[in-house]
Amino acid sequence: MPGIIDNHNHIILLGLRPCHDVRIENSVSVKEVLGAFEARADEIPAGQWLTALGGFNINQFVPATGFPTMAQLDLVTPRHPVLIMQGFTGPAQTNGKGKPLLEAMESRSAPTAASPPAPIR
């Protein structure tokens, strides 16, 4: 179909985003990011993840303060775990509901002495 040509598969990646996506690429401040998360949190049932994965750079938030803090996210999303990730390898931020869940996932996937990682072939 003309006009829908995307050699990076962005349209597919958008469809594969986990949980409830929050678009923050047009936000120019941490206050706007927090507002976007707060608005999205009001639309979905408690306990479901809110995510913003890529499509933005923390340097676009003026003044340059980086990500919202965990405490700031907790204020606007007290009933939802949150994950904000600038790129596939980070940096990232979560809130108080998300942190223990992410730590549990990390501990389950981390190799131990009893279960070393599989060799690369």
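## Strands and their pairing

β2 and β3 run parallel and are joined by four bridges; strands count as paired if DSSP finds at least two bridges between them. Helices (H or I, at least four residues) and strands (E, at least two) are DSSP runs, numbered from the N terminus. The model is predicted, so local features need pLDDT of at least 70 and side-chain atom pairs count only at pLDDT 80 or more, while totals for chains, interfaces and linings use all residues. Residues are numbered from 1 along each chain as its sequence is written, and side-chain values use heavy atoms, with hydrogens and water left out.

L53 has M85 in β3 as its bridge partner. Together, β2, α3 and β3 make a right-handed β-α-β unit; right-handed here means that, with the strands pointing away from the viewer, the path from the first strand over the helix to the second runs clockwise. β3 also pairs with β4, antiparallel and through three bridges, and L83 has T94 in β4 as its bridge partner.

β3 and β4 form a hairpin with six residues between them, and G90 in the turn has a positive phi of about 100 degrees. Q86 lies in the loop between β3 (82-85) and β4 (92-94).

The side chain of Q86 reaches the backbone nitrogen of I58 at 2.9 Å. Leaving aside neighbours within four places in sequence, Q86 is in contact (heavy atoms within 4.5 Å) with residues including G54, F56, I58 and P91.

## The nonpolar core

A nonpolar core is a set of buried Ala, Val, Leu, Ile, Met, Phe, Trp, Tyr and Cys residues joined through side-chain atoms within 4.5 Å. Buried means under 20% relative accessible area, exposed over 50%, and partly exposed in between (1.4 Å probe, protein chains only). The largest such core has 18 residues, of which I24, F37, L50, F56, F61 and I84 touch the most other members. α2 (30-41), β2 (50-53), α3 (70-76) and β3 each supply at least two residues of this core, and α2 gives the most, with five.

Beyond neighbours within four places in sequence, the contacts of I84 include I24, F37, F56 and P91.

## Salt bridges

There are three salt bridges, each a side-chain nitrogen of Lys or Arg within 4 Å of a carboxyl oxygen of Asp or Glu. D21, R23 and E25 are linked in a network: D21 to R23 at 2.8 Å, and E25 to R23 at 3.1 Å. R23 is partly exposed, at 37% relative accessible area.

E43 forms a salt bridge with R40, with the closest N and O atoms 2.8 Å apart. E43 is exposed at 55%, whereas R40 is partly exposed at 24%.

Note on methods
Polar contact = N/O pair within 3.5 Å; in protein donor to acceptor, adjacent residues only side chain to side chain.
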